[in-house]
Amino acid sequence: QVQVVESGGGLAQPGGSLILSCAVSGFTLDYYAIGWFRQVPGKEREGVGCINLSGDDTYFTESVAGRFLISRDTTKHTVYLRMSSLKPEDTAVYYCAADGAAKSNSWWMYPSEYDYWGQGTQVTVSP
């Protein structure tokens, strides 16, 4: 059974850092792309970044490029979203999602590209 579970959310100050984890089970990371998304009430779910099957390719939305990093540890079956220089506008529920197809830079940001989703973790950036 495929499962993805996010953790690590919480409260951070502007300019601070947080690391979110996405623990997966039921599949091997070598064969799945993992996307990170976020959503605030009343808005559509937004693609934040993606790490591709190879683990070598990562993509980010422009608003977080240079501040967020994605990495993975295949031995721990976990993908990490490392967020730094946080801004109040980063406040959202963050989701990770998995899919068995490789993602291109043109398609990774669409939620419909992913089959498996976690329950989300709240990130709040506030003084």
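Entry 1. I began with β4 and β5, which run antiparallel and are joined by five bridges. The model I am reading is a predicted one. I looked for the partner of Ile-34 in β5 and found Ile-51. Six residues lie between the two strands of this hairpin, and Gly-42 there has a positive phi near 85°. I then checked how covered β5 is. Five of its six residues are buried, so I noted the strand as mostly covered.

**Entry 2. A residue in the loop.** Pro-41 sits in the loop that connects β4 (33–39) with β5 (46–51). Is Pro-41 buried or exposed? I noted it as exposed, because its relative accessibility is 81%. I also looked up its distance to Gln-3. The two C-alpha atoms are 25 Å apart, and the residues are 38 apart in sequence.

**Entry 3. On to β6.** Next I followed β5 to its pairing with strand β6 (residues 58–60). These two are antiparallel, with three bridges. Across from Cys-50 I found Tyr-59 in β6. The hairpin of β5 and β6 has six residues between its strands, and Gly-55 takes a positive phi near 85° in it.

**Entry 4. Cysteines.** How many disulfides does a search of the whole structure find? I got one. It is formed by Cys-22 and Cys-96, with the sulfur atoms 2.1 Å apart. The pair ties together distant parts of the chain: Cys-22 belongs to strand β3 (residues 18–25) and Cys-96 to strand β9 (residues 92–99), 74 residues apart. The torsion about the S-S bond is about 70°, so I logged the disulfide as right-handed. I checked burial for both ends. Cys-22 has a relative accessible area of 0%, so it is buried. Cys-96 is also at 0% and therefore buried.

**Entry 5. Arg-38.** I went back to β4 for Arg-38, which lies in that strand. Its relative accessibility is 7%, so it counts as buried. What does its side chain meet? I found a polar contact of 2.9 Å with the side chain of Asp-90. A second polar contact, of 3.4 Å, goes to the side chain of Ser-63. Beyond its neighbours within four places in sequence, Arg-38 also has a list of contacts, among them Glu-44, Glu-46, Val-48, Phe-68, Glu-89 and Tyr-94.

**Entry 6. Arg-72.** My last stop was Arg-72, in strand β7 (residues 68–73). Which backbone oxygens lie by polar atoms of its side chain? The oxygen of Leu-29 is 3.0 Å from one such atom. For the oxygen of Asn-52 I noted 3.5 Å. Leaving out residues up to four places away in sequence, Arg-72 touches several others, including Asp-30, Tyr-32, Ile-51, Leu-53, Gly-55 and Val-79. Ile-51 had already come up in my notes as the bridge partner of Ile-34. Gly-55 had come up too, as the residue with positive phi in the hairpin of β5 and β6.

Note on methods. Residues numbered from 1 in each chain as written. Predicted model: local features only at pLDDT ≥ 70, side-chain atom pairs only at ≥ 80, totals over all residues. Heavy atoms only, no water. Helix = DSSP H or I, 4+ residues; strand = E, 2+ residues; numbered from the N terminus. Contact = heavy atoms within 4.5 Å. Polar contact = N/O pair within 3.5 Å; in protein donor to acceptor, adjacent residues only side chain to side chain. Buried < 20%, exposed > 50% of the residue type's maximum accessible area, 1.4 Å probe, protein only. Pairing = 2+ DSSP bridges. Disulfide = S-S within 2.5 Å.
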